[in-house]
Amino acid sequence: MEKAKVYFTKEITPEAVIKMYKALGKELPGKVAVKVHSGEKGNQNYLRPEFMRPMVEAVNGTIVECNTAYDGARNSTKKHRQLMEEHGWSKYFKVDLMDAEKPDLILPVSGGKVLKENAVGKTMANYDSLLVLSHFKGHPMGGYGGALKQLAIGCASSEGKSLIHSGGFTDDQTIVWDHVPAQEVFCEAMADAAGSVMEFFKGNTAFVSMVCNLSVDCDCCAVAEDPCMKDIGILSSLDPVALDQACIDLIYQSKDPGRNHFIERVETRHGIHTIEAAAELGYGVREYELICVD
């Protein structure tokens with residue numbers, strides 16, 4: 001199987017984000033949705049809109065997000081819109097909470113390991129292409145958060161998030177949010193959901209990941225640990241599986257004294273299994289060529 005191309009630079013600047021996108025040699029067509037993490041209220045590690053601004057403007061993109069399925073400042077459209085204003089996203093960009101209105105857009109999951117369908121924000125149907133700008137970091141449930149998580153949990157509606165977290169478990173067609181599946185099942189549900197979004201955009205996707213502010217906690221945590229490692233750089237690819245694998249590999253290869261703490265978070269949550277499952281489903285490959293960009 002042919003290796004995927006993953007591009008890498010140690011430079012972490014707004015200009016470097018554009019450089020890494022251009023390295024992909026792909027111009028996203030039509031109306032571009034730009035998936036970011038809006039950052040939970042109180043979180044100190046999320047990437048600010050000022051950092052993303054040149055890249056979003058370069059593709060004339062619309063910032064897209066979905067509501068959460070847990071208590072916090074983003075679990076309703078009203079609260080989430082207010083936070084988007086507080087965090088500055090609405091100041092610079094058009095912002096679309098894709099699941100602000102129902103019904104959800106239901107995407108089929110063909111040949112999935114866990115899910116038969118995935119519920120995403122209704123207005124995803126308004127976009128021709130998707131640029132995923134990920135802050136690569138740890139995650140309390142998934143082990144790590146990167147491109148695959150942005151495709152899966154990030155694009156899912158609040159109900160879709162519950163379906164993924166429950167491993168597709170329903171009771172008389174009602175999603176049971178507090179049903180806790182085996183960790184491998186949760187990881188496979190994320191891979192299923194990510195793949196359904198990839199299929200929806202039919203190759204009109206691109207991925208840039210910022211490997212910085214390396215906390216073991218996600219930007220969804222109101223109370224998050226401070227970063228435990230030094231920043232590594234920015235990576236980009238047209239293959240989200242290879243991109244996540246390359247980011248993980250750079251963590252493992254690091255001599256930073258905080259790497260063991262980060263790796264412990266990934267391994268105790270079986271985070272690599274999401275990458276394994278997505279590769280097995282054919283949504284990308286784990287083998288890649290790392291190309292350094294000056």
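**Gaps and a helix pair**

Guide: The largest cavity in this predicted model has a volume of about 30 Å³.

Visitor: How many cavities of 30 Å³ or more are there?

Guide: The count comes to one.

Visitor: Which residues line the largest cavity?

Guide: Val36, His37, Leu47, Met52, Trp89, His135 and Asp219 line it. By class, that lining has four nonpolar, two polar and one charged residues.

Visitor: How do you find empty space anyway?

Guide: You roll a probe the size of a water molecule over the atoms, and that shows where empty space is left.

Visitor: OK, pockets now. What volume does the second largest pocket have?

Guide: The second largest pocket has a volume of about 270 Å³.

Visitor: How many residues line the second largest pocket, and which lie nearest its centre?

Guide: The lining has 19 residues. Tyr70, His139, Lys149, Ile153 and Cys220 lie nearest the centre. H5 and H6 are the elements that give two or more residues to this lining.

Visitor: Which element gives the most to that lining?

Guide: H5 does, with four residues.

Visitor: And how does the lining of the second largest pocket divide by class?

Guide: Into eight nonpolar, six polar and five charged residues.

Visitor: Switching to the helices. At what angle do H5 and H6 pack?

Guide: About 115°, with their axes 9 Å apart. H5 covers residues 147–154, and H6 covers residues 158–165.

Visitor: Which residues meet there?

Guide: From H5, Ala152, Ile153 and Gly154. They meet Lys161, Ile164 and His165 in H6. The residues of this contact divide into three nonpolar, two polar and one charged.

Terms used
Residues numbered from 1 in each chain as written. Predicted model: local features only at pLDDT ≥ 70, side-chain atom pairs only at ≥ 80, totals over all residues. Heavy atoms only, no water. 1 Å grid on protein atoms, 1.4 Å probe; cavity = no way out; pocket = protein on both sides within 12 Å on 5 of 7 lines; lining within 4 Å. Points joined across faces, edges and corners; volume = space filled by probe spheres on them. Nonpolar A, V, L, I, M, F, W, Y, C, P; charged D, E, K, R; others polar. Axes fitted to C-alpha atoms, helices over the stretch in contact; angles between N-to-C directions. Contact = heavy atoms within 4.5 Å.
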